[in-house]
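Subject: Structure for your review

Dear colleague,

I am handing over the structure below, and after it I set out what was found. Please read the notes with the coordinates open beside them.

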Amino acid sequence: MHAETETRWILLGADGRHISLGRTEPSEAEITAASDALAAQGLSGWLARMQGDYYSRRKVTLEPLQSIGAEHEADWQAAVAAFHAARQRATH
């Protein structure tokens, strides 16, 4: 028997910082508000879908959905690597 995979929408910063927006897809208004808040601080990132339990030892996957915040040429792979490092520190 396989457990159902948890899906969450998150904001992932270019430096790996992240925040969960919840288990339901955010509205356009919520995305715009988050993007504007990041841009006001000169920060950028992505709206992403995370599959998997954040606090388990199993791997989680991230799917970029939309660039948000300030204009950027940030590296998705570097942000994901920083996310996984932050997650490991938070869960161990």
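I begin with E63, which at 37% relative accessibility counts as partly exposed, where buried means under 20% relative accessible area, exposed over 50%, and partly exposed in between, computed with a 1.4 Å probe and protein chains only. Please keep in mind that this is a predicted model, in which local features need pLDDT of at least 70 and side-chain atom pairs count only at pLDDT 80 or more, whereas totals for chains, interfaces and linings use all residues. Residues are numbered from 1 along each chain as its sequence is written, and side-chain values use heavy atoms, with hydrogens and water left out.

Salt bridges

E63 is the partner of R49 in a salt bridge whose closest N and O atoms are 3.2 Å apart, a salt bridge being a side-chain nitrogen of Lys or Arg within 4 Å of a carboxyl oxygen of Asp or Glu. The pair links distant parts of the chain, since R49 sits in strand β3 and E63 in strand β4, 14 residues apart; helices (H or I, at least four residues) and strands (E, at least two) are DSSP runs, numbered from the N terminus. R49, at 22% relative accessibility, is likewise classed as partly exposed.

By this rule the count comes to four salt bridges. R23 is exposed, with a relative accessible area of 55%. Salt bridges that share partners join E6, R8 and R23 into one network. R17 and D15 form another salt bridge, with their closest N and O atoms 2.7 Å apart; R17 is exposed at 53% relative accessible area, while D15 is partly exposed at 44%.

The sheet

Four strands form an open sheet in the order β2-β1-β3-β4, with antiparallel pairing, two strands being paired if DSSP finds at least two bridges between them. Its edge strands are β2 (18-22) and β4, each of which pairs on one side only. The twist averages 30 degrees from one strand to the next, with axes taken as lines fitted to C-alpha atoms (for helices over the stretch in contact) and angles running from 0 to 180 degrees between N-to-C directions. Eight bridges join the antiparallel strands β3 and β4, and G69 in β4 is the bridge partner of S44.

The helices

Helix α1 (residues 28-40) has 13 residues and should span 18 Å at 1.5 Å a residue, which agrees with the 18 Å between its end C-alpha atoms; the expected span is 1.5 Å times one less than the number of residues. Its buried residues are I31, A34, S35 and L38. They cover an arc of only 100 degrees around the axis, which puts them on the same side of α1, the arc being that of the directions from the helix axis to the C-beta atoms. On the other side of α1, A29 and A40 are exposed. What covers the buried residues includes β1 (7-13), β3 (44-51) and β4 (61-69), where contact means heavy atoms within 4.5 Å.

α1 lies across β1, β3 and β4 and runs at about 70 degrees to β4. Helix α2 (residues 76-91) also packs on the sheet, touching β1, β2, β3 and β4, and its direction makes about 110 degrees with that of β1.

Kind regards
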